[in-house]
Amino acid sequence: MRDWCAFVRAHLHLPELAPERESRIVRELAAQLEDFYREAIVGGATEADADAHACRQIHDWERMAREVRLADRRHARPRYDRIVEPRLERFVAPPVASGSPVPAVTRGGRVVLANILRDTRYAVRQLLRTPGFSSVAVLTLALGIGASSAIFSVVNAVLLRPMPYPQSHDLVRVHEILQKFGRFSVAPATFLDWRAQNTVFERIVAMNTTGATLVGAGGAERLSGGLVSWDTFEMLRVQPALGRTFRADEEVPGKDNVIVVSHGMWQRRLGSDPTIVGQSLTLNGRAITIVGVMPAAFSFMGDVDFWQPLALPPNPSRGGHFLGVIARLKPGVGIVQAGAEMKAISERLALQYPSASANESAEVVGLHESVVAGIRPALVTLLAAVGIVILIACANVANLLLVRASVRGKEMAIRTALGAGRARLVLQMLCESLALAVAGGSIGLLLAYLAIQPIQTLSAGSIPRAATISIDGTVLLFAVVVSVATGILFGLAPAWQASRNTIGTVLKEGGRSSTASSGRWVRNSLLVAEVGLSIVLLVGATLLLRSFSRLINVDPGFRPEHVLAFRVALPPAAYPQGHHRIAFFDRLLQSLDALPEITSAGMTQSLPMRGDYVLSFTIQGQPAPKPNEEPSANYRVVSPGYFETIGIPLLRGRTVTERDGEKAPKVAVVDQKFVDRYFPDRDPIGQGIDIGNGTDGFFEIVGVVGGIRDDSLEANPAPTMYIPFAQNTFSGMWVVARTPGDPAALPAAVRQTIRSIDSTLPAFAMAPLTTVVSESVAQRRFSMLLLGVFAAIALFLAAVGLYGVVAYTVSQRTQEIGLRMAIGAQRNDVLRLVVGGGMKLALLGVVIGLVVALALGRLIATLLYEVTPFDPVSYSATIFVLLAVCALACYVPARRAMRVDPIVALRQD
Amino acid sequence: MFSSELKKGSTEMLILALLESQPRHGYEIGKLIESRSGGRLTFALPTLYPTLLRLENRGWIKGRWVEKAGQRERCFYRLTPEGRRVLADRQENWKAYVAAVNEIMGTGDA
C-alpha cells in the first residue's frame with residue numbers, strides 16, 4: 001500500500017495555511033483515501049485496482065485545494081509569514097548539512113536574530129498597512145522627541161559641554177565679596193595682592209572690557225576688546241594661530257601697545273593676511289602692534305575683536321572695583337580649599353587697609369558654574385517641561401496602540417494558539433512600537449534641527465554660549481536613547497495587554513473587541529495621566545505668561561517709545577581734556593537738536609538696562625560714616641535735555657541746564673527714591689552731597705525727578721543721583737534722541753551728523769530704546785515662549801488623546817447607543833452620555849494635575865515676577881481652557897454618536 | 001441522481017443530521033449518505049471534506065483524533081451544542097419548506 005500522507009502532500013498545496021493546520025488536513029484526507037483503498041480490497045479488487053479506485057476519489061486537486069482554502073480561510077497565515085518568512089529563515093539559519101552539527105548556542109542566537117529581523121519587517125509592513133494610525137503616532141512622537149531634543153541641544157551647549165579650554169574644570173572665577181553688594185568685581189590693588197600672596201592657583205589673571213575706534217578704508221569702526229593680564233592665554237592653555245601672545249614686560253603702562261586679534265577680526269578687517277604679525281594699526285589714535293592671531297575656535301570674553309595687556313598703574317586703586325578675575329587651580333587643589341585661602345587673604349587685606357577694604361572677603365566659583373548659574377533654573381524648567389511633553393506623547397501613542405491591539409486581539413490569540421510564546425508576542429509588539437519610535441525620533445530630530453536657528457535667535461544675548469547650540473553627537477545619542485526609551489515605555493502596556501489574549505477569550509467574545517473591557521482601565525488611566533500632565537504644563541506656562549505680561553507692562557519710570565539710543569566713544573588721544581569732550585558733545589547735541597526729525601536729544605554715561613554705575617556719597621552736615629559703610633546710589637552723568645528726551649518727569653526744582661557748566665557751581669538732581677531713603681523728613685533741595693567721583697566739594701541738590709527702573713524691569717527703582725556732564729566728563733557716552741516718528745528711521749541722519757563733526761568717530765550699539773528695554777527681558781521671553789509652545793503641544797496631544805479614546809468608545813458602543821435611542825433616548829441624552837463619559841476622565845485628570853501643579857509650583861517661583869506660584873487667575877484660566885478643549889474633543893465623536901440610526905445599529909452583529 | 005444545485009443547499013444539513021446520534025469520521029459520513037439514500041445521493045470527497053472544515057470553523061461540529069483498537073487513527077466529528085441548535089432550526093425549516101412545496105405540487109398528504 002502506498003504512503004497516502006506522502007501522496008496527499010504531493011498533490012495538495014496549501015502554503016497559505018498555518019503549517020499545523022495544513023498537516024491536519026493532509027492526515028485526514030490520507031486516512032479517508034486509505035479507507036477507500038481498504039474497502040476496495042475487501043470488495044475483492046486487486047491492489048492495483050484498489051489503489052486506482054482510491055486515487056480517483058480526488059481527481060481535481062486544484063479544486064480540492066481551492067475548496068479547502070475557502071472553507072478554512074480563518075486559518076490562513078498572513079501573506080508576509082508564508083512568503084517572506086521561509087526565505088528569511090533559510091537566509092538566517094541555512095539548512096544544516098548532516099555530519100556538521102551547528103553548536104546549539106549559535107543556532108539559538110540565529111533563531112532570536114531571525115525572530116527580531118522578521119518581527120521588525122513584519123512590524124514595518126503592519127504600520128504601512130495602517131497609514132492613518134501610523135502617521136498620527138509618528139507625528140505625536142516626533143513632536144515629543146523633537147521638542148526634547150531641541151531643548152536638550154540648548155542644555156547640552158550651555159550646561160553640559162565643558163568650557164572650550166583644555167582642562168577647563170580647573171578654571172575658576174574669583175569674586176570679591178562686599179558687605180553691601182555681595183559678589184562684586186575686584187579692585188586692581190586687591191587683585192595684585194591676590195596674585196602675590198595666593199598658593200592655590202597656577203595662574204590668576206584679571207580682565208576688563210574695552211573698546212577702540214579703528215579708522216580704515218571702510219570708515220570708522222568701533223571694535224570691542226578685552227584688557228587682560230599678560231599670562232591669560234597661558235592660563236587658558238591656548239596657543240595663538242599666528243605670532244605670539246603677551247610677555248610679562250608688556251603689562252606695564254606705556255609698553256602695552258600690542259594686541260592679539262581674534263580670528264574673526266583677522267578675517268574681517270585684516271584680510272586674513274598671514275604676514276599681519278608685526279604690523280601696526282591705529283587704534284584710538286595710537287599706533288598698536290599686532291603680535292598674534294588667535295585660532296578660529298577660540299572665544300574668550302564673548303565676541304571681542306582683540307585683546308590688549310591690562311597695564312595697571314604702579315599704585316592702583318583699592319576702592320574702584322572693575323576687574324573680573326579668573327584663575328587656574330594648581331593640580332590637587334579643590335575649589336573649597338582655594339576659596340578658604342582667598343577668603344583668608346582678603347580678610348587679612350581688610351584689616352591691613354581698613355579705609356578701603358573693610359569687611360571685604362572673597363569667593364571662588366567654578367568658571368563654568370559662574371557662567372551658567374543664572375540660566376540654569378530656566379533650562380531645567382524647560383527640560384522638565386519637555387519631559388512632560390514626552391510622557392504625554394507616550395501616553396497618547398500607548399492609547400492608540402491599545403485600541404489597535406484590541407482590534408488585533410484575534411491575530412494575537414491565533415498566534416498564541418499556534419504556539420507563539422508570550423515573550424515572542426511581546427517582542428513582536430515591541431518591535432512595532434520601536435519602529436514607530438524610531439520613525440518619530442528621526443522626524444523629531446529633523447524638527448529639532450529646524451528649531452536650532454529660531455532658538456539661537458530667540459536666545460541671543462540672554463543665554464550664555466547660545467552661539468554654540470547645535471545638534472552634535474551628544475544630542476544625537478540623547479534622541480536615540482529617548483526614542484528607544486519611549487518606544488519601550490509606550491509599547492510595553494499594549495504588548496502585555498495583547499499577549500494576554502488567549503484563543504478562548506477571543507472566541508468567547510466572538511472575535512470582536514477582545515480586550516475592550518480589560519483595556520478600558522489602562523486606556524482611561526493613561527488619558528487621566530495625560531490630562532493631568534497637560535494641566536501641570538499649562539499652569540506653568542500661564543504663570544510665566546502672566547508674570548511676563550506684568551513685567552512688560554510695568555511702568556519703567558521713563559518713556560522709551562520714539563527714542564533712539566547709541567553710543568559714541570571719544571578716543572583719549574584726540575580728546576584728552578574735559579573741555580575737548582564738552583565741546584564735541586555740545587556740538588553733537590546741538591546738531592542733533594537741529595535735525596527736523598528730532599525733537600530733543602540728550603546723553604548719559606549709563607543708559608537704563610545697559611550697565612550700572614554706583615558711587616558712594618556723604619551728606620553735608622552729617623557725621624562721617626565708617627569706611628565702606630557710606631550710603632551709595634546710582635550715579636548718572638547727564639546732559640541738559642536728557643530728562644526731557646527719555647521722559648523722566650521733573651517733580652520739584654529744576655533739571656540740568658546749559659548754565660551748569662564746567663566752572664559753574666556744582667549741582668545734582670536726585671530721584672524720588674533718593675529722597676525717600678536719605679531725606680525722608682526734610683526738603684532735599686539746597687542740601688549738599690559729597691560724591692566719591694574724584695571731585696572735591698559738595699554738589700547742591702537743585703531738583704527731584706521720578707525714579708526709573710534702571711537695572712531691569714523687575715528691579716525696583718534704586719536711589720539715583722544725576723550730575724551735569726560738564727562737571728564730570730566721560731569719553732564714552734550714550735546719546736538718546738527723541739523723534740515723533742519711528743526711531744528706526746533715524747540712524748542714517750544721526751551717522752551723517754556725527755561724521756560731519758568728526759569723520760573718525762563711529763556711532764555704535766545703535767537701537768531704539770524700546771529694543772533695549774525688551775532685550776532686558778529676553779531671557780524671560782525665551783523661557784515663556786518655549787514653555788508656551790510646549791504647553792500648546794501638550795494641550796493638543798491631550799485633546800487628540802481624549803478624542804481618540806472617546807471616538808473609540810463611541811464606535812464600541814454603537815449598538816448600545818442604538819438600543820438606548822430605540823427605547824426612547826433623545827439625541828441630547830446621547831450627547832450627555834458620550835461627552836459626560838469623556839469629561840469625567842478629563843475632570844479626574846484636572847484634579848490630579850492641579851494637585852501636582854500646586855506641589856510643583858514652588859519650583860518655578862524663581863522664574864516668576866509679581867505672580868505667586870499659586871495665582872488663582874492662572875489656575876482658573878488654565879482649567880477653563882483645558883476643559884473647553886476637552887469638551888470639544890468629546891463633542892466631535894459625540895455628534896457622530898447622536899447620528900446613530902437605531903435600526904442600523906441594532907442590525908449590526 | 002440530483003443536480004448539484006439541489007444537493008448543495010442540503011449537504012450541511014445532512015452532515016449535521018448524521019452526527020446527531022453519534023460522532024463519525026469523514027469516510028463514514030460519505031458512505032452513510034450513499035447507503036441511506038440507496039445510492040441516489042453521493043458526495044465526492046472534494047465536496048464533502050471542505051464542508052466538514054467549514055462546519056467545524058463555524059463551531060457547529062468539532063473534530064477529534066481517535067485511535068480505536070486495531071484500526072488506524074481517524075478524525076471523529078461530533079455535534080457541538082451550537083451545531084445541535086442549528087440542526088434543529090434547519091430541520092424545522094426543511095419540513096416547513098417540503099410541506100409548502102408538496103402543498104403546491106398537490107402531492108401532499110392533506
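**Notes on chain B and a helix pair in chain A**

1. Let's start with chain B: of its 110 residues, 27% count as buried (20 or more other C-beta atoms within 10 Å of a residue's own, with C-beta atoms placed from the backbone; 12 or fewer is exposed, and in between is partly exposed). Keep in mind that this is a predicted model, where local features need pLDDT of at least 70, side-chain atom pairs count only at pLDDT 80 or more, and totals for chains, interfaces and linings use all residues. Residues are numbered from 1 along each chain as its sequence is written, while chains are lettered from A and ligands numbered from 1 in the order in which they are written.

2. What pattern does chain B follow along the sequence? Reading along, you get α-β-α-α-β-β-α, with four helices and three strands in chain B (DSSP runs numbered from the N terminus: helices are H or I with at least four residues, strands are E with at least two).

3. Now for contacts, meaning pairs of residues whose C-beta atoms, placed from the backbone, lie within 7 Å. Among the contacts in chain B with a separation of 6 or more, 47% come from residues 24 or more positions apart.

4. Have a look at H4(B), residues 81–105. This helix has 25 residues and reaches 36 Å from first C-alpha to last, close to the 36 Å expected at 1.5 Å a residue (the expected span is 1.5 Å times one less than the number of residues). Its buried residues are B:Gly83, B:Val86 and B:Leu87. An α-helix has 3.6 residues a turn, so residues three or four places apart point the same way. After H4(B) comes B:Gly106, with a positive phi near 75°.

5. Where do the chains meet? Twelve residues of chain B are in contact with 17 residues of chain A. On the chain B side, the elements giving two or more residues are helix H2 (26–36), helix H3 (45–57) and strand E3 (73–79). H3(B) gives the most, with seven residues.

6. Over in chain A, helix H20 (residues 578–594) and helix H23 (residues 747–757) pack at about 140°, with axes 10 Å apart (axes are lines fitted to C-alpha atoms, for helices over the stretch in contact, and angles run from 0 to 180 degrees between N-to-C directions). H20(A) and H23(A) are therefore oblique to each other (under 35 degrees is roughly parallel, over 145 roughly antiparallel, 65 to 115 roughly perpendicular, the rest oblique). Residues making the contact include A:Phe584 and A:Leu588 of H20(A) and A:Val750 and A:Ile754 of H23(A).

How values were computed
Contact = placed C-beta atoms within 7 Å.
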